[in-house]
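Have the viewer open and follow along.

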Amino acid sequence: MQANSPLERAMAMVRDLRARCPWDRVQTRETLRPYLVEEVHELDQAIGSGDPEAIRDEVADLMLHLAWQLVLGEERAEFTADQTADRLEAKMKRRHPHLFELGEPTGWEELKLRERNGGGAREGLLEGLPPTLPELLAAFRIQERAAGVGFDWPDATGPGEKVREELAEVEAETSTVRQEEEIGDLLFAVVNLARKLGVQPGPALERANARFRERFGRLERLARERGITVHAAGLQALDQLWEEAKSAG
């Protein structure tokens, strides 16, 4: 690794902190793990905001955590930053053989399945996804993996019909237990429709949540201006305020 590369500078900072700061000196992979998860979520939120300065700051925080993991691996004599980069380069070459004169293009999910089965034990196509993935993202990745071997609709028409079919089943079901199952099937079908339309369902829902919060805030402001008590207004009055709030943006 270059002596003054951005990542080496971050690693040098971590080494210095480990040598001189009592808090940093006692940190381990386990103690840092919750902060790493938090930083990933904060970067995800910054990317959603589209603010370059926020993204830069959160990438810097994540770089610090990557530097921590590399320094801890170095201290334990488990691996070095260069060995980690070597593994990364080898993996990307395996996944893009046609770009490095190593073979013909191969489906992404098929290549990843080969990697997961490299140790000899056969693993199913849908195995290996982190159990802590958010549910919408997990559904999306499950569907991507199945699509990677051809188990997929040719376009968005099939998923759209499936959404309508699942909605009808939800509406027809009277058992609470079965309703939960049918709602799950409906959500899974909606994620599939989003995937076929090229839409990431998690960010789409995040934006929908933000729109609803903003519009409901407008509704509350309109109610206050007109002396209407939201809790006692009733659906008809609230619906009228909601339409006004929606028309404002």
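Before the first stop, a word on angles: each axis is a line fitted to C-alpha atoms, for helices over the stretch in contact, and the angle between two N-to-C directions runs from 0 to 180 degrees. Keep in mind, too, that what you're looking at is a predicted model.

With that in hand, go to helix 10 and helix 12 (residues 235-247), whose axes come within 8 Å and cross at roughly 120 degrees. That angle makes helix 10 oblique to helix 12. Their crossing is right-handed. On the helix 10 side, the contact is made by F212, R215, F216, R218, L219, L222 and A223, and helix 12 answers with L238, L241, W242, E244, A245 and K246. Sort the residues of this contact by type and you get 9 nonpolar, no polar and 4 charged.

Helix 1 (residues 6-20) packs on helix 4 (residues 52-75) at an angle of about 65 degrees, and the two axes are 8 Å apart. Angles from 65 to 115 degrees count as roughly perpendicular, so helix 1 and helix 4 get that label. This crossing is right-handed as well. Helix 1 brings P6, L7, A10, M11, V14, R15 and R18 to the meeting, while helix 4 brings M63, L64, A67, W68, L70, V71, L72, E74 and E75. The contact of helix 1 with helix 4 divides into 12 nonpolar, no polar and 4 charged residues.

From helix 7, the residues involved are L136, A139, F140, I142, Q143, E144 and A147, and they meet F188, V191, N192 and R195 of helix 9. Here the contact splits into 7 nonpolar, 2 polar and 2 charged residues.

While you're on helix 7, pick out A138, which lies in this helix. Setting aside neighbours within four places in sequence, A138 is in contact with L129 and L133. Its C-alpha atom is 20 Å from that of P34, a residue 104 places away along the chain.

So much for packing; what about the gaps? Rolling a probe the size of a water molecule over the atoms shows where empty space is left. The largest pocket holds about 820 Å³ of space. It has 24 lining residues, and V40, H41, D44, P134 and L137 lie nearest its centre. Helix 3 (29-49), helix 7 and helix 10 (201-225) each supply at least two residues of that lining, with helix 3 giving the most, at 9 residues. By type, the lining comes to 13 nonpolar, 7 polar and 4 charged residues.

The second largest pocket holds about 330 Å³. Its lining has 16 residues, and those nearest the centre are Q143, F151, W153, F188 and N192. Look back at the helix 7 and helix 9 contact and you'll find Q143, F188 and N192 there too. Helix 7, helix 8 (157-172) and helix 9 each give at least two residues to this lining, and helix 9 gives the most, with 5 residues. The lining divides into 9 nonpolar, 2 polar and 5 charged residues.

Technical notes:
Residues are numbered from 1 along each chain as its sequence is written. This is a predicted model: local features need pLDDT of at least 70, side-chain atom pairs count only at pLDDT 80 or more; totals for chains, interfaces and linings use all residues. Side-chain values use heavy atoms; hydrogens and water are left out. Contact means heavy atoms within 4.5 Å. Helices (H or I, at least four residues) and strands (E, at least two) are DSSP runs, numbered from the N terminus. Ala, Val, Leu, Ile, Met, Phe, Trp, Tyr, Cys and Pro count as nonpolar, Asp, Glu, Lys and Arg as charged, and the others, Gly among them, as polar. On a 1 Å grid over the protein atoms alone, a cavity is a set of points where a 1.4 Å probe fits but cannot get out, and a pocket is an open set with protein on both sides within 12 Å along at least five of seven lines; lining residues have an atom within 4 Å of a point. Grid points are joined across faces, edges and corners, and a volume is the space filled by probe spheres set on the points. Angles under 35 degrees count as roughly parallel, over 145 as roughly antiparallel, 65 to 115 as roughly perpendicular and the rest as oblique. A crossing is left-handed if the near helix is turned anticlockwise from the far one by less than a right angle, and right-handed if clockwise.
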